[in-house]
Amino acid sequence: MKAYHARVTSQRILVIEDDLDIANVLKMDLGDAGYAVEHADSAMNGLIKAREEHPDLILLDLGLPDFDGGDVVQRLRKNSAVPIIVLTARDTVDEKVRLLGLGADDYLIKPFHPDELLARVKVQLRQRITESLSMGDLTLDPQKRLVTYKTEELRLSPKEFDILALLIRQPGRVYSRQEIGQEIWQGRLPEGSNVVDVHMANLRAKLRDLDGYGLLRTVRGVGYALRG
């Protein structure tokens with residue numbers, strides 16, 4: 001898979017912040033850096049968007065109107081490993097320890113400089129792409145571009161590897177053909193192209209050769225997913 005800095009435009013960041021002025025500044029700074037930004041103005045709306053939009057990273061304010069941001073971290077961690085950077089004015093050691101213990105990946109003390117925010121975001125996204133990814137007996141190493149299933153190497157083409165890397169990050173999530181085309185080919189596939197289907201068929205056959213029956217799921221008329 002290409003390094004994240006070369007594909008920033010495909011990365012989605014969810015900002016959960018009730019202060020519209022702060023939210024707009026964050027959206028502008030992140031948008032100027034090439035990220036796609038979604039905004040939620042409450043904890044509940046943030047949880048809904050996190051479930052429906054599958055962001056690559058979440059920026060989370062602690063002082064939300066409906067319930068504490070720490071509760072949001074706990075709820076997200078029940079079914080998601082998405083990187084979470086907490087934005088807080090509570091600059092105490094106990095609070096930082098509490099947030100990290102709940103599952104936050106990083107925190108920024110308000111006020112902060114936009115350059116520091118962007119640096120923290122890049123670090124979290126880089127860590128996400130360089131760490132090995134596993135789902136049952138299937139393991140993918142992005143740095144070595146190596147895939148193994150039950151300890152046997154799965155030999156994939158570059159595009160097959162990129163597709164599998166996309167699917168394994170969120171097992172069970174169904175990606176449409178359009179989403180896969182946008183992520184892997186940056187939206188350059190012509191209308192009506194069957195290139196995605198051809199690559200998926202090849203990937204399914206290679207998994208089947210290693211007894212990986214049923215790992216790849218086709219949802220008719222919708223798209224593809226790895227069985228989580």
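In which crossing, left-handed or right-handed, does α2 pass α3? This is a predicted model in which local features need pLDDT of at least 70 and side-chain atom pairs count only at pLDDT 80 or more, while totals for chains, interfaces and linings use all residues. Residues are numbered from 1 along each chain as its sequence is written, and side-chain values use heavy atoms, with hydrogens and water left out.

The crossing of α2 past α3 is right-handed, meaning that the near helix is turned clockwise from the far one by less than a right angle. The axes of helix α2 (residues 43-53) and helix α3 (residues 69-77), which are lines fitted to C-alpha atoms over the stretch in contact, come within 10 Å and cross at roughly 20°. The two helices, α2 and α3, are therefore roughly parallel to each other, a term for angles under 35 degrees. In contact (heavy atoms within 4.5 Å) are Ala-43, Met-44, Leu-47 and Ala-50 of α2 with Val-72, Arg-75 and Leu-76 of α3.

Arg-77 and Asp-105 form another salt bridge, at 2.8 Å from N to O, which links helix α3 to the loop between α4 (93-102) and β5 (106-109). The structure holds 17 salt bridges, and Asp-68, Arg-90, Glu-95 and Arg-98 are linked in a network of them.

Notes. Axes fitted to C-alpha atoms, helices over the stretch in contact; angles between N-to-C directions. Helix = DSSP H or I, 4+ residues; strand = E, 2+ residues; numbered from the N terminus. Parallel < 35°, antiparallel > 145°, perpendicular 65-115°, else oblique. Salt bridge = Lys/Arg side-chain N within 4 Å of Asp/Glu carboxyl O.
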